[in-house]
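Look at the sequence and the model first, then read the points by topic.

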Amino acid sequence: MVDESSDIVDSWPQEPIPDEDKLFMRVHCQWTRDGNPIPGAFQNRGKGMSTDWARYSTPTETLNRAKKPDENGVLKFSVGEVRAIPNQTVEHTPIIINRAHTDVSGIKDEDVRLKLTRICKWVIDPP
Amino acid sequence: MLSEMTAPSKTKETLRRSLPRNYWPENKPLGSSWILDTNVSLPWKLIRKYRPTIAYLRKRNKSLAKEMALESFESWVNVKSKLVRIEEKNGDELANLKEALASAKALLLGLQQDWDGEGSPGYSEETCERMSNFLLNHSKQLAAACGIEAPIPKILPGPNGSIDLLWKSDDYELLLNIPADLQSPASFYGDDQGNLCIKGKLDPDKINQGILQWLMSHQTL
């Protein structure tokens with residue numbers, strides 16, 4: 001809901017995310033080896049694995065939400081490919097400070113983590 | 001690959017150990033550990049009849065393996081008319097693994113609470129030790145039983161203070177997670193990015209035959 005009188009956002013509406021859309025996810029450089037993300041990078045924190053819906057975020061904006069942006073890179077996923085991994089759901093979960101916020105929920109066991117490493121691509125390389 | 005196929009020089013620093021009569025690994029790596037057949041002077045076809053020798057030298061390029069096999073064996077003196085495994089006494093078959101473990105431990109233990117800015121915890125000595133023992137025990141088992149140097153995985157930080165072990169080749173990946181909770185089992189998943197996959201849990205404090213089989217079949221040739 002948007003408070004039109006003051007332009008202050010109470011909350012953003014939750015929207016369905018099409019399979020064709022993209023997600024961005026920042027990854028600390030210690031979660032990489034030889035320039036590739038490692039399986040440990042893909043884990044749930046809270047409700048799920050935090051990502052940003054590309055409709056409302058750029059890779060740079062995603063990067064700048066890190067505590068230390070200069071130590072992170074940004075990965076891109078196809079929503080449809082994420083949903084094709086067993087037991088993974090993609091749900092738009094906007095928060096006041098980030099309309100793009102999206103959770104990838106579902107257990108991140110070895111199967112899932114390994115498959116996530118295979119479907120992502122860097123859009124901003126880590127240092 | 002030729003250097004891998006060169007027989008180690010024979011010195012006084014060798015041990016000899018008899019193998020069970022019917023024992024033979026399907027895949028035997030070339031390296032510091034060798035199995036000899038006393039009938040080395042026999043023509044190739046006859047050597048093949050004595051399965052142990054040819055199995056040892058089996059490579060994807062069979063013709064090259066055959067040629068090198070004969071050359072290599074000619075430099076050895078037969079001991080007895082039975083299989084004998086000869087190991088270099090001073091050669092530590094686990095040296096590469098120990099080096100990788102030391103390096104990985106230093107990295108993991110250097111990661112403190114919130115090292116990634118996302119709240120990730122650090123890694124404990126106990127988890128590192130459990131992981132280290134798992135790898136060393138399985139590698140020792142392979143070296144002792146089959147003379148195989150097990151492939152060394154990437155030793156990686158895992159979620160929530162756990163440690164990931166990742167074996168990766170062109171056609172296969174296996175990910176095994178050693179949890180931070182010392183009472184919890186390890187879990188693993190591997191596939192060929194096609195039809196075959198394995199998945200399960202195991203006690204990392206015990207030798208697991210399934211993992212041994214997998215390591216044996218994915219040794220570096």
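Chain A holds an open sheet of six strands in the order β8-β9-β6-β3-β7-β10, and the pairing is antiparallel. At its edges are β8 (89-92) and β10 (121-124) of chain A, each of which pairs on one side only. From one strand to the next the twist averages 40°, with axes taken as lines fitted to C-alpha atoms and angles running from 0 to 180 degrees between N-to-C directions. The model is predicted: local features need pLDDT of at least 70, side-chain atom pairs count only at pLDDT 80 or more, and totals for chains, interfaces and linings use all residues. Residues are numbered from 1 along each chain as its sequence is written, while chains are lettered from A and ligands numbered from 1 in the order in which they are written.

**Terms for strands and helices**
- Helices (H or I, at least four residues) and strands (E, at least two) are DSSP runs, numbered from the N terminus.
- Two strands pair if DSSP finds at least two bridges between them.

**Sheet of chain A**
- Strand β7 (residues 72-78) of chain A pairs with β10(A) in the antiparallel sense over three bridges.
- A:V74 has A:I124 in β10(A) as its bridge partner.

**Confidence in chain A**
- The mean pLDDT (the predictor's confidence in each residue, from 0 to 100) of chain A is 92, and 92% of its residues reach 70 or more.
- Residues 1-6 of chain A have pLDDT below 50, and this stretch has five contacts in the model beyond near neighbours in sequence.
- A contact means that the C-beta atoms of two residues, placed from the backbone, lie within 7 Å.

**Helix α3 of chain A**
- Helix α3 (residues 110-119) of chain A is largely enclosed by the rest of the structure, because seven of its 10 residues are buried.
- Buried means that 20 or more other C-beta atoms, placed from the backbone, lie within 10 Å of the residue's own; 12 or fewer is exposed, and in between is partly exposed.
- The buried residues of α3(A) are A:E110, A:D111, A:V112, A:R113, A:L114, A:K115 and A:L116.
- Their cover includes β6 (173-178), β7 (186-191) and β8 (197-202) of chain B.

**Strands of chain B**
- β6(B) and β7(B) run antiparallel and are joined by five bridges; B:N177 stands opposite B:S187 in β7(B).
- Six bridges pair β7(B) with β8(B) in the antiparallel sense, and B:Y189 has B:K199 in β8(B) as its bridge partner.

**Contact between the chains**
- 20 residues of chain B are in contact with 19 residues of chain A.
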